[in-house]
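This report describes one protein chain, from its overall make-up down to single side chains. The sequence and the model come first.

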Amino acid sequence: MLVRMKFLQLLSRKPEKLEMLFQVPFCQKQFPCVCLATSACLYSKKKKVNSYEQVDQEKYKNLVYSVTSYKTSAQTPETIFEEDNLLYGPPDKHRPLLKAETKAPKNCVPLINPNKRIPLLNSDSNLPMKIALQKTKMPSVTRILQQTISPQQAFYLERWKQKMILELGKDGFAEYTKKTASKEQREDAAISGYLSSVQHVLEDISEVKALESAVQHETLQYLGLVDCVAKYRGQLCVIDWKTSEKPKPSLKNTFDNPLQVAAYIGAINHDANYDFQVSCGLIVVAYKNGFPAHPHFMDPNLCSQYWKKWLLRLEEYMDRN
């Protein structure tokens, strides 16, 4: 393609060459061929058919003109496809690949704990639970997800990191990371923006049962810190609050956050400290500029799907360690 483009650009500088390109390359005047043979003269041989005469010259003249009519390259994905279609014909129809079999986790621990007994009457206290996170040898949900990210996610994360270092410097990026990791928001303007952003979501939340409370899966041996457990539009959910500078209107924009929520749900359901079980999740993405937050609700079926993916990530982490 590059050689062809250079050739066409050369022709564009010398328009008179275009006509020569599509003319018959043989001279009209024939020279006799000297031969010592006594057989019939070579003039009697049938003249070869010139392949250039079979070419649709008008079509290819237009093609060359369309490519060479600009000083800078006029190639776009659309023109490339159009050119290829003219030269080689329409592409063959794509044959869909067969779906690979979904890998199943080895340890199929259920998301909902069938052995957990729920008291008929819950505690009369209206205060939400807040269990402190204890340091143990158990890995955290965050650590497990960080150490098992896909190569594609690792690539984009590293590219973002290098971009931030170029903009802020190493010291500036370290300070930025430190502030991001801290849950304390020091700017009143930021707090005001986030509160304004989630206001419409807060109207649908009731019966808060836990706030920043530690959870532990006693069977699978991992732990985490849940942001909130409350009812969202009547459904008890593990709620994860996220902040973002860019809009995240769909669940797929939240990367591994659904796996994190599923992991917390499973931990609560297998933690004896909690006298209830959860089957739904909610990820709320809030914006500093006050733009309305995006709430992403995860129903029981969706939570079960992400729970299986979480089990696979957990197995991968355990195999590495």
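## Basis

The model is predicted: local features need pLDDT of at least 70, side-chain atom pairs count only at pLDDT 80 or more, and totals for chains, interfaces and linings use all residues. Residues are numbered from 1 along each chain as its sequence is written, and side-chain values use heavy atoms, with hydrogens and water left out.

## Chain overview

Nine helices and five strands make up the secondary structure of the chain. These are DSSP runs numbered from the N terminus, with at least four residues (H or I) for a helix and at least two (E) for a strand. Read from the N terminus, the order of elements is α-α-α-α-α-α-α-β-β-β-α-β-β-α.

Of the 321 residues in the chain, 30% are buried. Buried means under 20% relative accessible area, exposed over 50%, and partly exposed in between, with a 1.4 Å probe and protein chains only. Among contacts (heavy atoms within 4.5 Å) with a separation of 6 or more, 73% are between residues 24 or more positions apart.

The five strands form an open sheet in the order S1-S2-S3-S4-S5, with mixed pairing. Strand S1 (205-217) and strand S5 (294-298) are the edge strands, each pairing on one side only. From one strand to the next, the twist averages 30°. Two strands pair if DSSP finds at least two bridges between them. Strands of a sheet pair through backbone hydrogen bonds, either parallel or antiparallel.

Strand S3 (residues 235-244) and strand S4 (residues 280-287) run parallel and are joined by eight bridges. Ile239 has Leu282 in S4 as its bridge partner. Helix H9 lies across S1, strand S2 (222-232), S4 and S5, and runs at about 85° to S5. Axes are lines fitted to C-alpha atoms, for helices over the stretch in contact, and angles run from 0 to 180 degrees between N-to-C directions.

## Aromatic rings

The structure holds four aromatic pairs. Rings of Phe, Tyr and Trp (its six-membered ring) pair if their centres lie within 6.5 Å; planes under 30 degrees apart count as stacked, over 60 as edge-to-face and the rest as tilted. Tyr274 and Phe276 form an edge-to-face pair, because their ring centres are 5.7 Å apart and their planes are at 70°. Both Tyr274 and Phe276 are buried.

Tyr287 and Phe291 are also edge-to-face, with centres 5.7 Å apart and planes at 75°. Tyr287 counts as buried at 3% relative accessibility, whereas Phe291 is partly exposed at 43%. The charged end of Lys209 sits over the ring of Phe276, 5.6 Å from its centre; this requires NZ of Lys or CZ of Arg within 6 Å of the ring centre and within 35 degrees of the ring normal.

Leu251 lies in the loop between S3 and helix H8 (257-269) and counts as buried at 16% relative accessibility. Not counting residues up to four places away in sequence, Leu251 touches Pro258, Ile283, His296, Met298, Leu302 and Tyr306. Leu251 and Phe297 are 46 residues apart along the chain, with 8.6 Å between their C-alpha atoms.

Gln305 belongs to helix H9 (residues 300-320) and is partly exposed, with a relative accessible area of 41%. From C-alpha to C-alpha, Gln305 and Pro258 are 9.8 Å apart in space, and 47 residues apart in sequence.
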